[in-house]
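Subject: Handing over the structure

Dear colleague,

I am passing on the structure that I have been looking at, and I would be glad if you read my notes beside it.

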Amino acid sequence: MGTVLTITMFSLMASILMTLVRALKGPTSYDRILSVNAIGTTTVVGVVVMGFLKGRPDFLDLAVVYALVNFVATVAILRFVEQRRLG
Amino acid sequence: MSSFLLIDMILLGLAAVVAIGVISVRSLLSATMLGGIYSLLMALIWQNMNAVDVAFTEAAVGAGISTVLLVGTLLHTRRETNQSPAIHWPALLTVVLTGSFLIYGTVDMPDYGDASAPIHTGRVQQLLGQRVGKVDNEGVHHAWTYSTMAEQSVERDEPERSFPPERSHGEDHGGDAEAGAHGHPNDDFKGHSPNTVTSLLAAYRGYDTMYETAVIFTAGMAMVLLLRRREERA
Amino acid sequence: MEWNDYLTGVFLALGSFLALTGGVGILRMPDFYSRLHPAGKTDSLGQLMVLIGLCFQTSDWLVLAKLGLIVSFLMLTAPTATHAITKAAWLEGLRPWQRPGDAENVYTRKHPDKRAPYFSAAPKDPLASSTSAEQGQQLEASDE
């Protein structure tokens, strides 16, 4: 089972790498926001997979926090881009 | 090479790429978002090191609060850096020298999980000779219970505790002679952890938890401030 | 290998495939609006497959509940975030990429009578200003 989880982890990291290239290239800021959001979701899944890979599924609390924080960060950036003000 | 080491190396490489991207991109908004990616990757690295509390703080501070604060700062500044990226040679030299010294320092460090590391050797004989949690030759399991501690400390007339507790490094340390002088009667460590790092962490556990709670509370407050409804200003 | 290991393997393989193809799509698609498709696929279906696959690996109800919580959070927030990004991009005036030779600012190819704009409430209606060729230009240089 550990092999399957390790392969999944590597494919998630490959996905992060490709999305990261798009975040570095741009060209518009919306591409970057989209890439950050996709990397955030992939990281949440990666945290869960890593928890099972280590045999400690207690790490799932971390993934719950991440899923919420990632959404908040995306909303903050979008409010800045769209309305030029926060809150 | 274990797969955890390989994952760690790949994640650190990705984090290095993101860091170079942060300092080389012109748009400040892009740098802010790349900083968010950096902290996400760092949290995966912390989790790979089994440091879940640090990963928690990184999630709340790095990906959440610092992104919101930096975006709020961007509202009052321009969106672009006004100078072209140039290499400042003395700064680069300083950074490279410091990094080289740090890497040189890690060569002398013990291996990860090495039992003969200095933090273990101080009390590792006691660790091997302790009775709590083990089954002795008579088949008696020395369980760690609060009730026995309470009973025996009443009838024992406990002496004053001293910190740090006096160590006993004798070869004949069986734990019977002075066992239970401090802490649990069956505890050969007199209520302290055998691992130095663990005992330090336990001693400052309250501050650690207090500031982590403060961080999480701040993150929650920022979430409320960001997502609340408010009437439109004209 | 028990039966649950096979199920986990199948689901994790599907999730890995979706994550990889999503990464390739985000990297290779020609413009922002087409990149939304692989990004949304990775966000919703890929994570769902991986998390469902991991559900078969535990017998702890607390872990299962946390996995369900993560799935529901992600299913709520990821499409919302993608939608918000798209709306912000459209409102700022980013227009979809077109092949050379296509009619300017007409985004439906097969059904000419259904040429209503995608977002009728958008302040910059693409059909109302179909004479200006600059409208269809992307905001390529807006960020660099």
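Between chain A and chain C there are seven residue pairs in polar contact, both residues being at pLDDT 80 or more; a polar contact is a pair of N or O atoms within 3.5 Å, where within protein one must be able to donate a hydrogen and the other to accept it, and residues adjacent in sequence count only if both atoms are side-chain atoms. The two chains also share two salt bridges, a salt bridge being a side-chain nitrogen of Lys or Arg within 4 Å of a carboxyl oxygen of Asp or Glu. In one salt bridge the side chain of Arg35(C) meets that of Asp31(A), at 2.4 Å from N to O.

Please keep in mind that this is a predicted model, in which local features need pLDDT of at least 70 and side-chain atom pairs count only at pLDDT 80 or more, while totals for chains, interfaces and linings use all residues. Residues are numbered from 1 along each chain as its sequence is written, chains are lettered from A and ligands numbered from 1 in the order in which they are written, and side-chain values use heavy atoms, with hydrogens and water left out.

Chain A brings 44 residues to the contact and chain C brings 48, where contact means heavy atoms within 4.5 Å. Together the chains bury about 4,000 Å², 74% of it on carbon and sulfur atoms; buried area is the accessible area (1.4 Å probe) that two parts lose on being put together, summed over both. On the side of chain A, the residues that lose the most area to chain C are Met1(A), Tyr30(A) and Leu34(A), together 17% of what that side buries.

Best wishes
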